[in-house]
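Open the model in your viewer and keep the selection tool ready. The stops below say what to select and what is there.

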Amino acid sequence: IEMKSKVLKYLIPFAENFTLDLPKGSKIVRIDVDQGNPYLWALVNIDEAEINTYHFSCGKTGGLIEHDNELLFIDTYAIFIQMELMLYVFLNKVSTPTGDIIASKFIEHVNNCWRG
């Protein structure tokens with residue numbers, strides 16, 4: 001079966017907890033800031049109709065992170081609020097239409113090798 005995938009860019013909020021709806025099987029590959037806004041890049045199958053909800057938890061160094069499940073580290077990014085702060089982004093859970101909670105198989109992290 002031939003699949004068609006693209007890396008797509010999604011605006012994410014400056015928030016401690018947020019969700020993002022992505023096609024089933026999407027793989028998160030990067031989180032970074034572009035022109036002052038945080039974005040998440042994911043490899044998505046453009047023909048997939050089923051949507052899953054990704055639940056993220058974020059925190060800064062020394063900050064309390066509240067979560068329901070084991071957190072899986074995704075990436076860090078810097079925000080500027082009178083000084084540079086690093087936000088650590090974790091995947092809390094992935095909800096499917098059937099209510100399953102699946103996390104680890106949805107991550108394909110590139111270990112920042114693209115940053116040089």
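**Stop one: D32**

Select D32, which lies in strand 3 (residues 27–34). Strands here are DSSP runs (E, at least two residues), and helices are runs of H or I (at least four residues); both are numbered from the N terminus. This is a predicted model, where local features need pLDDT of at least 70, side-chain atom pairs count only at pLDDT 80 or more, and totals for chains, interfaces and linings use all residues. Residues are numbered from 1 along each chain as its sequence is written, and side-chain values use heavy atoms, with hydrogens and water left out.

Is D32 buried or exposed? D32 counts as buried because its relative accessibility is 17%. The cut-offs: buried is under 20% relative accessible area, exposed over 50%, partly exposed in between (1.4 Å probe, protein chains only).

Now show the side chain of R30. It makes a polar contact with the side chain of D32, at 3.2 Å. A polar contact is a pair of N or O atoms within 3.5 Å; within protein, one must be able to donate a hydrogen and the other to accept it, and residues adjacent in sequence count only if both atoms are side-chain atoms.

**Stop two: the whole chain**

Zoom out. The protein has seven strands and zero helices. Of its 116 residues, 36% are buried.

**Stop three: confidence**

Colour by pLDDT, the predictor's confidence in each residue, from 0 to 100. The protein's mean is 83, and 84% of its residues reach 70 or more. Next, select residues 108–116, where pLDDT stays under 50. Where pLDDT is low, the predicted coordinates should not be read in detail.

Methods:
Contact means heavy atoms within 4.5 Å.
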